[in-house]
Amino acid sequence: MSGTSEGPAPATDLARPALTHVTYGHIETPAGTGSGRDVGAAGAPAKDPSAPYRSAFDSAPLAMAVVDREGLVVGANAAFGALVGSDPAPLAGRAAAELVDLGSDARTWHAYREVLRDGRNRLRCTRRLKHPDGHALWVQITVAPLPGGADGVLLSLTDISSRRDLQARLRHLQMHDPVTRLPNRALFFERLTAALEPEAYELSGTGRIGLCYLDLDGFKAINDTLGHRVGDRLLAAVAERLTRCADESGFTRAGTPLVARLGGDEFALLVEDSTGTEQLAGLAELVLTALQEPFGIAGRRLSLSASIGVVERHAAGTTATGLMQAADTTLYWAKADGKARWTLFDPERNAHRMTRQALASTLRPAIAGGEFVLEYQPLVGMDDDRLHGVEALVRWNHPQFGMLTPNRFIALAEEDGSIVPLGRWILLTACRQARRWQLERPAEPPIFVSVNVAVRQVWDSDLVSDVARALAETGLAPHLLQIELTESAVMGSAGRPLRALQALSEMGVRIAIDDFGTGYSNLAYLSRLPVSVLKLDGSFVRGFQYEDQGGGATAPNPADEVVVEAMIQLAHRLGLTVTAECVETSSQATRLRSIGCDTGQGWLYSRPVSPDRISELLGAGSYAVGNP
């Protein structure tokens with residue numbers, strides 16, 4: 001008889017012995033003398049009182065054997081012999097541990113020897129035994145000391161094969177998806193966790209693990225239009241193709257990838273002992289190709305695609321949670337990049353995403369905590385090189401990432417709505433600073449301050465009231481405030497945004513269109529908006545670069561010159577002034593001045609600087625501005 005262990009016996013399986021009177025092939029009564037023969041009062045031989053108990057032992061349905069302190073069978077009943085595939089008599093003298101596989105693991109063997117030695121504890125364990133006729137069975141083994149100080153232990157076996165089969169069927173149902181019959185999320189994570197255990201990859205294999213995490217594109221539309229019954233049949237068909245892909249990819253390798261349905265229309269292919277990203281990329285391509293073929297479901301030809309996130313890495317140091325987070329992130333990238341594709345996990349891209357999330361989660365507390373500051377970039381008259389105004393540019397002095405420019409956080413602020421309180425702070429701070437410059441030099445012409453406003457500020461707050469409150473609180477004249485909005489935000493404005501712009505214009509506030517020329521560029525429409533300034537996008541100004549890397553002169557881009565000159569002339573015809581952004585060289589400034597540009601902004605004049613530096617520029621007397 002051979003067997004396998006279900007596992008070492010837990011310490012809780014060592015218990016106090018149960019009462020029994022079986023010992024060494026005869027039965028003792030509770031008051032027995034240990035003799036197999038008794039003498040009556042008349043001196044005649046008495047009937048053996050242990051005979052009924054011996055008969056019960058022999059015919060009991062519970063498989064039992066008495067084992068001595070050396071671990072050898074003293075006697076066994078018929079049920080025990082049936083389980084191990086032998087008549088009871090020849091079992092005497094055999095090592096019990098060999099009959100029921102108690103020596104297959106060190107812990108169980110130690111516990112068994114302890115029961116034999118001290119006669120107090122009890123052992124209970126489960127074994128899978130192979131019967132001589134070829135079939136296997138599961139038994140629960142109990143080893144308990146005999147009572148009354150008698151030498152030996154009682155070994156009993158209970159056939160639990162039916163119970164184990166039922167448990168196996170229930171576990172299969174619990175661990176498999178009823179629609180696709182694939183392993184479900186629970187079984188997938190069980191396998192994934194086991195694959196990431198050090199003993200699973202340190203002794204053999206490549207020590208790497210890979211995962212293809214896929215989501216069906218457009219499956220919800222099929223469910224919504226054709227019903228869940230058709231959707232379930234489609235999921236089952238997808239599962240078949242994924243299983244076929246796994247079988248094909250594993251044909252020439254040590255193992256076949258595990259295919260699981262994680263829920264909804266999400267599936268995963270787990271590759272243990274992967275050989276590198278090439279293997280995972282090949283599997284992803286195989287899946288995409290397989291799913292491109294139309295599915296014949298309920299008399300219809302249904303087409304769909306999948307987006308796949310691919311992760312492949314060393315198993316050491318990887319957790320199930322970390323691997324799934326990376327796969328989920330990569331799947332999102334595949335969706336965002338256009339769907340119907342696979343995308344490989346990129347640590348650098350993920351680091352950017354993590355930074356973005358960290359910034360988003362701390363934006364609102366940073367506003368309340370005063371972590372933002374304003375810098376100001378001069379706006380210089382092209383005809384006189386005098387400082388006419390400044391643009392307020394917000395910076396985030398982040399305690400972890402340092403000084404951050406607006407392109408790192410403004411989009412996040414617009415997404416979560418924190419642009420509204422941040423915008424109010426920028427507006428109030430800029431107006432207060434402009435008024436302070438004016439008060440510092442009351443005899444000199446005051447400069448205006450230009451503040452960028454996001455469209456969400458117009459929709460989610462009362463921008464007109466915010467501006468009026470800032471002007472009233474700081475005492476700044478309305479004409480010294482300029483509000484900048486992007487071209488795409490202003491074009492097509494109607495309803496509340498348009499009314500806000502008109503109200504601000506009537507208040508005396510100037511309205512500027514930022515980055516003009518990159519969107520609609522509809523000057524005719526601008527004539528109907530309360531706009532007073534156009535700010536040409538820097539991409540046009542760069543075409544006016546006259547100097548090459550060698551220091552020689554090169555001709556400007558004729559197309560850029562024609563476009564810019566036409567826009568300036570049309571803007572002037574409409575009563576608008578024009579500011580050129582990104583002016584970096586004197587040659588650019590000269591050409592822009594010659595075609596009528598009103599104001600310049602860029603590094604030729606100054607980078608964004610602190611308020612104190614603007615005060616120094618204002619104190620220059622002639623207001624001439626140069627590189628600080």
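Which residues of H16 are buried? I began my notebook with this question, and I kept to a predicted model in which local features need pLDDT of at least 70, side-chain atom pairs count only at pLDDT 80 or more, and totals for chains, interfaces and linings use all residues. Residues are numbered from 1 along each chain as its sequence is written, and side-chain values use heavy atoms, with hydrogens and water left out.

**Entry on H16.** I found the buried residues of H16 to be Leu-463, Asp-466, Val-467, Ala-470, Leu-471 and Thr-474, where buried means under 20% relative accessible area, exposed over 50% and partly exposed in between, with a 1.4 Å probe and protein chains only. Seen down the axis of H16, these buried residues fall within an arc of 125 degrees, so they line one face of the helix; the arc is that of the directions from the helix axis to the C-beta atoms. On the other side of H16, I noted Ala-472 and Glu-473 as exposed. Just after H16, Gly-475 takes a positive phi of about 80 degrees.

**Entry on the whole protein.** I looked up 23 helices and 24 strands, which are DSSP runs numbered from the N terminus (helices H or I, at least four residues; strands E, at least two). Buried residues make up 45% of the 628 residues in the protein.

**Entry on the cores.** The largest nonpolar core has 77 residues, and Leu-481, Leu-592 and Ile-614 have the most contacts inside it. Helix H14, residues 419-440, gives the most to this core, with nine residues. Apart from it I found another core, of 33 residues, including Leu-235 and Val-259. A nonpolar core is a set of buried Ala, Val, Leu, Ile, Met, Phe, Trp, Tyr and Cys residues joined through side-chain atoms within 4.5 Å. Leaving aside its neighbours within four places in sequence, Ile-614 is in contact (heavy atoms within 4.5 Å) with Tyr-376, Pro-378, Leu-387, Val-390, Trp-437, Ile-447 and Val-609.

**Entry on phi.** Lys-339 has a phi near 65 degrees, and its place is in the loop between H11 and strand S15 (342-344). At 41% relative accessibility, Lys-339 counts as partly exposed. Cys-582 has a positive phi of about 60 degrees although it is not a glycine, and this residue is found in the loop between strand S23 (577-580) and helix H22 (586-594). At 28% relative accessibility, Cys-582 counts as partly exposed.
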